[in-house]
Amino acid sequence: MPVLDIIISFLWSLSPFGEAKVGIPYGLYSGLNSYLVFVVCFAANLLVFPIMLFFLENLHRYLLQWRFYKKSAVFVAKRAKVGSGEKIRKYGFWGLVFFVMLPIPGTGVYAGSIASYLFQIQRRKAFFANALGIFLSCAIIWATTLLYIEGRG
């Protein structure tokens with residue numbers, strides 16, 4: 001059912017367990033229109049940034065009082081600083097774009113949002129860097145998946 005496949009692609013792209021790196025291949029392998037898949041997955045992945053900023057700016061401080069959450073948050077913060085910190089400090093906007101763009105585990109808009117928050121990057125600048133990184137990542141995943149599908153013919 002195409003509507004269900006669109007919803008599943010959207011949800012994968014919104015999920016921290018796959019983002020559009022999973023949503024796009026799922027949608028394309030399900031036989032959905034390739035342009036629709038790109039737009040839906042890009043839009044879902046783009047929604048993550050404001051959701052994450054809302055979480056970090058409003059709920060994060062409250063949740064830090066719980067030991068399990070605090071330990072997890074410290075672990076994630078250390079990983080974000082180690083994995084992206086130097087590049088983002090050195091290259092600023094473009095470092096953040098590149099970090100979000102990389103279609104590998106541990107990068108993407110969730111990590112980019114956390115890095116934006118940790119390094120106190122201006123919200124507007126961080127949004128555009130994340131949006132451009134998401135777009136480029138989606139384009140890479142979309143194109144390589146289409147090429148693979150066509151190659152298998």
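Analyst: Helices (H or I, at least four residues) and strands (E, at least two) are DSSP runs, numbered from the N terminus. This is a predicted model, in which local features need pLDDT of at least 70 and side-chain atom pairs count only at pLDDT 80 or more, while totals for chains, interfaces and linings use all residues. Residues are numbered from 1 along each chain as its sequence is written, and side-chain values use heavy atoms, with hydrogens and water left out.

User: What pattern does the chain follow when read along the sequence?
Analyst: The secondary structure comes to seven helices and zero strands. Read along the sequence, the pattern is therefore written with helix symbols, given the DSSP runs defined above. That pattern is α-α-α-α-α-α-α.

User: What is the radius of gyration of the chain, and what would a compact globule have?
Analyst: The radius is taken over C-alpha atoms, and the globule rule is 2.2 Å times the number of residues to the power 0.38. The C-alpha atoms fill a box of roughly 50 × 35 × 25 Å along the principal axes. For 153 residues the rule gives a value near 15 Å, and the chain agrees with it at 16 Å.

User: What share of the residues is buried?
Analyst: Buried means under 20% relative accessible area, exposed over 50%, and partly exposed in between (1.4 Å probe, protein chains only). Of the 153 residues in the chain, the buried share is 41%.

User: How far apart do the centres of the positive and negative side chains lie?
Analyst: Lys and Arg count as positive and Asp and Glu as negative, while His and the chain ends are not counted. Each charge is placed at NZ of Lys, CZ of Arg, CG of Asp or CD of Glu. With 15 positive and 5 negative side chains, the distance between the two centres is 15 Å.

User: How many disulfides are there?
Analyst: A disulfide is a covalent bond between the sulfur atoms of two cysteines. Here it is counted as a pair of cysteine sulfur atoms within 2.5 Å. By this rule the count is zero.

User: Which cysteine has the sulfur nearest to that of cysteine 41?
Analyst: Cysteine 41 is in no disulfide, and the nearest cysteine sulfur is 6.9 Å away. Cysteine 41 counts as buried because its relative accessibility is 0%. The nearest sulfur belongs to cysteine 138.

User: Is asparagine 45 buried or exposed?
Analyst: Asparagine 45 has its place in helix H3. Contact means heavy atoms within 4.5 Å, and, not counting residues up to four places away in sequence, asparagine 45 touches Ser13, Glu19, Ala20, Val109 and Ile134. Its relative accessibility is 4%, so asparagine 45 counts as buried.

User: What is the phi of glutamate 19 near?
Analyst: Glutamate 19 is found in the loop between helix H1 (2–14) and helix H2 (20–29). Glutamate 19 is buried, with a relative accessible area of 5%. Its phi is positive in a residue other than glycine, near 55 degrees.

User: Is glutamine 120 buried or exposed?
Analyst: Glutamine 120 is placed in the loop between H6 and helix H7 (123–152). Glutamine 120 has a positive phi, near 50 degrees. Since its relative accessibility is 71%, glutamine 120 counts as exposed.

User: Which residues does serine 116 touch, not counting those up to four places away in sequence?
Analyst: Serine 116 lies in helix H6 (residues 109–118). Serine 116 is buried, with a relative accessible area of 3%. On that count, serine 116 touches Phe49, Leu96, Ile121, Ala126 and Asn130.

User: With which residues is phenylalanine 55 in contact, leaving aside neighbours within four places in sequence?
Analyst: Phenylalanine 55 lies in helix H3 (residues 34–63). Phenylalanine 55 is partly exposed, with a relative accessible area of 25%. Its contacts on that count are His60, Leu63 and Tyr69.
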